[in-house]
Amino acid sequence: MLTSLQPETRFEVEPVQAPLISFQGVSKTYPNGTQALHAVNLAIPRQDFVFVVGPSGAGKSTLVRLLIREEKATIGRIYVDGQELGRLRHRHLPFLRRKIGIVFQDYKLLPKLTVFENVEFGLRVTRGVDRLTRAKVEEVLSIVGLQGTERKFPDELSGGQQQRIAIARALSQDPKIFVADEPTGNLDPATSWEILQLLLKINERGATVVMATHNKEIVDVMRRRVVVIDGGTVVRDDASGGYHEDAN
Amino acid sequence: MLTSALFAPKSALQNFWRNKGLSIFAVSVMFVVLMMTGVSLILGHSFNQSIDSLKGKAKTISIFIADTTPLVNVMNLQTQLRSDPRVQSVTFVDKASALAKYKQDPSIPPDMITNLEGYNPLPASLDVDVKNINDLDALANDVKSLPLLDKQGPTNYRKAVIDRVVVFSRFIAAAGVVILVSLTGVAIFIIMMSIRTAVYVRRQEIEVMKLVGATDWFVRGPFLLEGMLAGVIASLASVVLIAVGYQPFVDKVRSAVPFLPVSYDAAFLGELCLILALVGIALGAFGSWLGVRRFLQT
């Protein structure tokens with residue numbers, strides 16, 4: 001009878017969620033013998049914002065290339081949204097890439113297309129153009145603050161605006177993951193801050209952001225998760241850190 | 001979905017037009033290759049016509065009958081030969097017919113024919129057509145020792161000539177295959193290189209396509225259509241030129257080498273045009289597929 005007097009107890013157990021991105025003992029050696037990454041372990045949960053920092057040649061870009069499966073790991077496993085990239089068949093690769101929005105230091109825009117067409121191009125490739133396309137393009141251009149520039153060509157705009165076009169193109173796919181490889185590398189400090197604010201906004205909208213960068217000021221001020229790579233290995237992984245260890 | 005499906009043809013046409021220089025080069029090379037293919041097929045066909053005719057003639061053997069042989073014996077031999085499974089047909093040519101035929105032969109000098117007035121040295125013969133040219137040797141051996149045959153020369157069988165005809169026809173067939181395979185290889189290589197150049201020119205666009213998640217077929221489609229378009233234009237041009245030039249070519253060969261039994265073959269021309277069109281399209285598609293393949297591997 002005692003048990004019946006006790007209040008009913010409920011345990012709210014949160015299901016253990018696998019990280020959205022996971023590197024497990026990943027090493028990468030290029031055919032010329034250069035070892036770019038060595039035994040990297042990294043787990044990135046959903047909606048995380050991670051800076052990947054380190055000196056030139058440390059292995060940041062290799063990490064990004066492995067993440068988007070431009071390269072395959074020599075040893076170890078990489079999981080993205082539950083898929084092991086080493087086992088991913090070539091024909092399934094496009095569907096992985098559609099989950100990942102990617103921006104680069106050199107923007108990778110098509111110079112002969114207008115701002116609108118550059119953003120529409122991504123949708124045209126993956127979904128085809130329909131009556132909703134225009135609205136979608138206008139929506140993402142508005143998110144990145146490029147309303148009114150639709151008919152301009154990329155070389156008529158500043159570097160920061162060009163990077164915004166690239167971000168809008170990536171955003172139009174509604175990616176789960178947003179990978180930015182040195183997105184502020186060609187930009188002045190003020191513009192870099194604008195781009196960073198944009199990436200934060202994208203993160204708040206639900207996307208996981210992985211940003212490889214050299215930009216010490218941004219990393220130190222943001223106090224977000226910092227993964228430091230040096231000589232191909234992860235030498236530091238702080239939940240809220242600075243570019244250098246003494247900045248913590 | 002419809003706009004997505006229209007992307008490939010629209011993009012192919014746009015790129016074909018935008019890269020006019022490259023497109024014209026690819027079409028020109030394919031045109032030359034298809035013309036060479038067409039001309040070699042016509043030559044091959046004409047050779048085949050000649051070889052078939054030679055083989056047809058070579059498959060006939062004349063068995064010469066001695067003037068003293070009674071006609072009944074000749075008829076018995078004719079019946080015997082007709083029942084031989086190797087034999088297609090047997091025709092009796094009497095001495096008068098043999099002389100008339102000889103006189104009509106344009107290769108015989110007129111003075112030799114004049115000397116034959118009132119005199120017939122030619123024997124009667126049984127002209128035997130065999131089913132297979134390879135049986136001639138055995139048949140000639142079987143009949144040559146028969147007593148009723150002309151002792152001067154029992155048959156007109158010339159083993160060396162027949163062997164040469166057979167070897168020559170085999171050589172022509174093999175040479176034709178080698179030439180066609182080489183031309184096909186050259187065409188594929190040229191198309192592959194020109195499409196590879198087109199792909200290189202558009203590498204930025206392809207890189208972006210792959211980054212945002214385009215499938216291989218989405219990237220490959222416009223290039224395949226571009227190659228096929230070049231193939232269609234080149235094959236149309238070559239088909240028109242060959243259709244127009246075939247009859248004059250045959251006329252020219254017949255007037256230059258009258259003894260070659262080459263003739264205009266309308267059915268062959270139809271087949272040739274169809275072959276060239278299909279080969280042009282297939283070469284364009286295959287060359288493009290090879291050209292774009294390397295860029296799709298990552």
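**Helix packing, confidence and loops**

Guide: The crossing of α4(A) and α5(A) is right-handed, where right-handed describes a near helix turned clockwise from the far one, by less than a right angle, and left-handed one turned anticlockwise. This is a predicted model, in which local features need pLDDT of at least 70 and side-chain atom pairs count only at pLDDT 80 or more, while totals for chains, interfaces and linings use all residues. Residues are numbered from 1 along each chain as its sequence is written, with chains lettered from A and ligands numbered from 1 in the order in which they are written.

Visitor: At what angle do the axes of α4 and α5 of chain A cross?

Guide: The axes of α4 (residues 115-126) and α5 (residues 133-143) of chain A cross at roughly 120° and come within 10 Å of each other. That makes α4(A) oblique to α5(A), the class left over once angles under 35 degrees count as roughly parallel, over 145 as roughly antiparallel and 65 to 115 as roughly perpendicular. The axes are lines fitted to C-alpha atoms, for helices over the stretch in contact, with angles from 0 to 180 degrees between N-to-C directions. Helices (H or I, at least four residues) and strands (E, at least two) are DSSP runs numbered from the N terminus.

Visitor: And which residues of α4(A) and α5(A) make the contact?

Guide: From α4(A) they are A:Phe116, A:Val119, A:Glu120 and A:Leu123, and from α5(A) they are A:Thr133, A:Lys136, A:Val137, A:Val140 and A:Leu141; a contact requires C-beta atoms, placed from the backbone, to lie within 7 Å. By class, the residues of this contact of α4(A) with α5(A) are six nonpolar, one polar and two charged. Here Ala, Val, Leu, Ile, Met, Phe, Trp, Tyr, Cys and Pro count as nonpolar, Asp, Glu, Lys and Arg as charged, and the others, Gly among them, as polar.

Visitor: How many residues of α4(A) are buried?

Guide: Ten of its twelve residues are buried, so α4(A) is largely enclosed by the rest of the structure. The buried residues of α4(A) include A:Val115, A:Asn118 and A:Arg124. A residue is buried if 20 or more other C-beta atoms lie within 10 Å of its own, exposed if 12 or fewer, and partly exposed in between. Just after α4(A) comes A:Gly128, with a positive phi of about 85°.

Visitor: Where do α4(A) and α8(B) meet?

Guide: A:Phe121, A:Gly122, A:Val125 and A:Thr126 of α4(A) meet B:Val208, B:Met209 and B:Val212 of α8(B). These residues divide into five nonpolar, two polar and no charged. The two axes come within 9 Å and cross at roughly 65°, and the crossing of α4(A) and α8(B) is right-handed.

Visitor: Zooming out, how many residues does each chain bring to the contact?

Guide: Chain A brings 18 residues and chain B brings 17. On the side of chain B that touches chain A, α1 (2-18), α8 (203-212) and α9 (216-256) each supply at least two residues, and α8(B) gives the most, with seven. That side of chain B holds eight nonpolar, six polar and three charged residues.

Visitor: What ipTM and pTM does the predictor give the complex?

Guide: The predictor gives an ipTM of 0.79 and a pTM of 0.66. Chain A averages a pLDDT of 88, with 92% of its residues at 70 or above, pLDDT being the predictor's confidence in each residue, from 0 to 100. Over residues 1-15 of chain A, however, the pLDDT is below 50, and this stretch has zero contacts in the model beyond near neighbours in sequence. Chain B averages 81, and 89% of its residues score at least 70.

Visitor: Which residues does B:Leu126 touch?

Guide: Leaving out residues up to four places away in sequence, B:Leu126 touches B:Ile63, B:Ile65, B:Leu77, B:Gln78, B:Leu81, B:Val90 and B:Phe92. B:Leu126 lies in strand β3 (residues 124-130) of chain B and is buried, because 22 other C-beta atoms lie within 10 Å. B:Ile63 is 63 residues from B:Leu126 in sequence but 5.1 Å away in space, C-alpha to C-alpha.

Visitor: Back in chain A, is A:Gln47 in a strand or a loop?

Guide: A:Gln47 is in the loop between β2 (35-44) and β3 (49-53) of chain A. Its phi is near 65°, a positive value in a residue other than glycine, and most residues other than glycine have a negative phi. A:Gln47 counts as partly exposed because 14 other C-beta atoms lie within 10 Å. A:Asp81 also has a positive phi, near 50°, and lies in the loop between β4 (75-80) and β5 (83-84) of chain A.

Notes:
Contact = placed C-beta atoms within 7 Å.
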